[in-house]
Amino acid sequence: MKTEQGIVIEASDNVAKIKVGRHNDCSNCGACPGNDSVIISANNKIGAIVGQRVVFDVKEVNVLRGAFVVFILPLIAIFVGVLVGGEIGRYIGADTHIFQIAGGIITFLLSIIFVKLFDKAATASEKSKPEIIRIL
């Protein structure tokens with residue numbers, strides 16, 4: 001687990017929104033909008049209130065799983081789609097390039113749908129959220 005610090009900007013029903021300052025990893029990624037800070041939702045089982053500085057845990061395995069699904073899985077899907085599309089084209093005796101392109105596009109679109117479903121499931125899961133562990 002990786003610990004981070006931030007300031008609680010909203011708290012309700014065992015969930016808190018925390019404003020977290022960006023660090024070098026964030027500036028290198030650039031996935032989140034804005035330059036100064038990121039706002040995350042975290043489990044607030046210890047009852048932190050607005051304005052308090054808190055320490056929270058981020059489960060690294062969830063970050064790695066998410067990065068794999070978002071960045072690597074679509075590439076693998078395209079590769080598999082191109083291979084399968086080419087084999088289908090050879091099997092029916094048609095132009096393999098057209099089937100390779102179509103296979104790559106179809107599997108890419110399917111992977112995007114999977115990424116969206118994964119994102120919804122990860123957002124809804126309480127286990128994947130960061131958790132406040134200490135008030136500073």
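Helices and strands on this tour are DSSP runs (H or I of at least four residues for helices, E of at least two for strands), numbered from the N terminus. With that rule, the chain has 3 helices and 5 strands.

**Before you click**

This is a predicted model, in which local features need pLDDT of at least 70 and side-chain atom pairs count only at pLDDT 80 or more, while totals for chains, interfaces and linings use all residues. Residues are numbered from 1 along each chain as its sequence is written, and side-chain values use heavy atoms, with hydrogens and water left out.

**Stop 1: the whole chain**

Show everything as a cartoon and colour by pLDDT, the predictor's confidence in each residue, from 0 to 100. The chain averages 83, and 85% of the residues score at least 70. Follow the elements from the N terminus and you'll read β-β-α-β-β-α-α-β. Where pLDDT is low, the predicted coordinates should not be read in detail.

Next, think about burial: buried means under 20% relative accessible area, exposed over 50%, and partly exposed in between (1.4 Å probe, protein chains only). Of the 136 residues in the chain, 24% are buried. As for contacts (heavy atoms within 4.5 Å), take those with a separation of 6 or more: 66% of them join residues 24 or more positions apart.

**Stop 2: strand β2 and its partners**

Select residues 15-21, which are β2. Two strands pair if DSSP finds at least two bridges between them. Strand β1 (residues 2-12) runs antiparallel to β2, joined by 5 bridges. Strand β3 (residues 37-43) also pairs with β2 in the antiparallel sense, over 7 bridges.

Zoom in on Ala 16. Its bridge partner in β3 is Ala 42, and Ala 16 is also the β2 bridge partner of Ala 11. Leaving aside neighbours within four places in sequence, Ala 16 is in contact with residues including Val 8, Glu 10, Ile 40 and Ile 132.

Which residues of β2 sit on its covered face? They are Ala 16, Ile 18 and Val 20, while Val 15, Lys 17, Lys 19 and Gly 21 make up the uncovered one.

One more pick on the β3 side: Ser 37 is in strand β3 and is partly exposed, with a relative accessible area of 22%.

**Stop 3: the hairpin turn**

Slide along to the loop between β1 and β2, where you'll find Asp 13. The hairpin has 2 residues between its strands. Asp 13 has a phi near 50°, a positive value in a residue other than glycine. Asn 14, in that loop, has a positive phi of about 60° although it is not a glycine either.

**Stop 4: the nonpolar core**

A nonpolar core is a set of buried Ala, Val, Leu, Ile, Met, Phe, Trp, Tyr and Cys residues joined through side-chain atoms within 4.5 Å. For the largest one, select Val 8, Ala 16, Ile 18, Val 20, Ala 42, Ala 48, Val 54, Phe 56 and Ile 132, 9 residues in all. The elements that give two or more residues to this core are β2 and β4 (53-58). β2 supplies the largest share, 3 residues.

**Stop 5: the helices**

Select 63-86 and 98-118, which an unreviewed UniProt entry annotates as "transmembrane region"; such positions are given in the numbering used here, feature names are shortened, and annotations may be inferred rather than shown by experiment. Residues 63-86 are 100% helix and 0% strand, with end C-alpha atoms 34 Å apart. Residues 98-118 are likewise 100% helix and 0% strand, and there the end C-alpha atoms lie 30 Å apart.

Last, look for a salt bridge, a side-chain nitrogen of Lys or Arg within 4 Å of a carboxyl oxygen of Asp or Glu. The count comes to 1: Arg 90 with Glu 87, at 2.6 Å, N to O. They are 3 residues apart in helix α2 (residues 60-92), so about one helical turn separates them.

Then click Thr 96, in helix α3. Thr 96 counts as buried at 19% relative accessibility. Beyond its neighbours within four places in sequence, Thr 96 is in contact with Gly 86, Gly 89 and Arg 90.
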